[in-house]
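Dear colleague,

Please find below the structure that I am handing over to you, together with its sequence. My notes on what was found in it follow directly after.

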Amino acid sequence: MSEIHPETQEKVSQFIAEVMALLSDRLKHAVARVANPRAGADPMADIEVLLVADELATRETFRIWELAGNASIKHEIIFSVQAYSTEDFNTRKNLPALAAFMAEGLEYDLQ
């Protein structure tokens, strides 16, 4: 698992809270990792976020990207977001890129 600076973890948590406000209990997974693992100790590291939600509509994906853009400006960190419906994620979760993301990333508690 890649190391995410505690300050950065808090900023990611704030972004995920905004996504949770949008999707409510349909958000099933929120996983983050630094885009460049060597920069993990850097609180300004760019962050990749993988989101999985039940019945994710295209308009909601666009809204999530808008939230990520606003969070990037607010926190001066680039939030790169991959958003999947639960069905699409389950179909693709064994692909090397997604399997690696899940193994390397930090999964956030959605409670």
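**Helix α1 and its surroundings**

The buried residues of helix α1 are Thr8, Lys11, Val12, Phe15, Ile16, Val19 and Leu23, where buried means under 20% relative accessible area, exposed over 50% and partly exposed in between, with a 1.4 Å probe and protein chains only. Seen down the axis of α1, these buried residues fall within an arc of 140°, so they line one face of the helix; the arc is that of the directions from the helix axis to the C-beta atoms. They pack against β1, β2, α2 and β3, with contact taken as heavy atoms within 4.5 Å. On the face turned away from the buried side, α1 carries the exposed residues Pro6 and Ala21.

Two remarks on provenance are needed at this point. The model is predicted, so that local features need pLDDT of at least 70 and side-chain atom pairs count only at pLDDT 80 or more, whereas totals for chains, interfaces and linings use all residues. Residues are numbered from 1 along each chain as its sequence is written, and side-chain values use heavy atoms, with hydrogens and water left out.

Helices (H or I, at least four residues) and strands (E, at least two) are DSSP runs, numbered from the N terminus. Helix α1 has 18 residues and reaches 25 Å from its first C-alpha to its last, close to the 26 Å expected at 1.5 Å a residue; the expected span is 1.5 Å times one less than the number of residues.

Leu22 belongs to α1, which covers residues 6–23. With a relative accessible area of 31%, Leu22 is partly exposed. Leaving aside residues up to four places away in sequence, Leu22 touches Glu60, Arg63, Ile64 and Leu67. The C-alpha atoms of Leu22 and Thr58 are separated by 13 Å, and the two residues lie 36 apart along the chain.

**The sheet**

The four strands form an open sheet in the order β3-β2-β1-β4, with mixed pairing. Strands β3 and β4 (106–107) stand at the edges, each with a single partner strand, so one side of each is left without a neighbour in the sheet. Two strands are taken to pair if DSSP finds at least two bridges between them.

Strands β2 (residues 47–53) and β3 (residues 79–85) pair in the parallel sense over seven bridges, and Leu50 has Gln82 as its bridge partner in β3. Together with helix α2 (residues 58–75), β2 and β3 make a right-handed β-α-β unit. A crossover is called right-handed if, with the strands pointing away from the viewer, the path from the first strand over the helix to the second runs clockwise.

Strands β1 and β2 run antiparallel and are joined by seven bridges. The pairing of β1 with β4 is also antiparallel, over two bridges. In β4, Glu107 is the bridge partner of Val31, and Leu106 stands opposite Ala32. Six of the eight residues of β1 are buried, so this strand is largely enclosed by the rest of the structure.

**Arg33 and Glu48**

Arg33 lies in strand β1 (residues 27–34) and is buried, with a relative accessible area of 15%. Its bridge partner in β2 is Glu48, which also counts as buried, at 19% relative accessibility. The side chains of Arg33 and Glu48 are joined by a polar contact of 2.6 Å, and a further polar contact, of 2.7 Å, joins the side chains of Arg33 and Glu104. A polar contact is a pair of N or O atoms within 3.5 Å; within protein, one must be able to donate a hydrogen and the other to accept it, and residues adjacent in sequence count only if both atoms are side-chain atoms. Beyond four places in sequence, the residues that Glu48 touches include Val31, Ala32, Ser80 and Phe101.

**Two residues with positive phi**

Most residues other than glycine have a negative phi. Ser24, although not a glycine, has a positive phi of about 60°. Ser24 is found in the loop between α1 and β1 and is partly exposed, with a relative accessible area of 46%. Glu55, which is not a glycine either, has a positive phi of about 50°. Glu55 is located in the loop between β2 and α2 and counts as exposed, at 70% relative accessibility.

With kind regards
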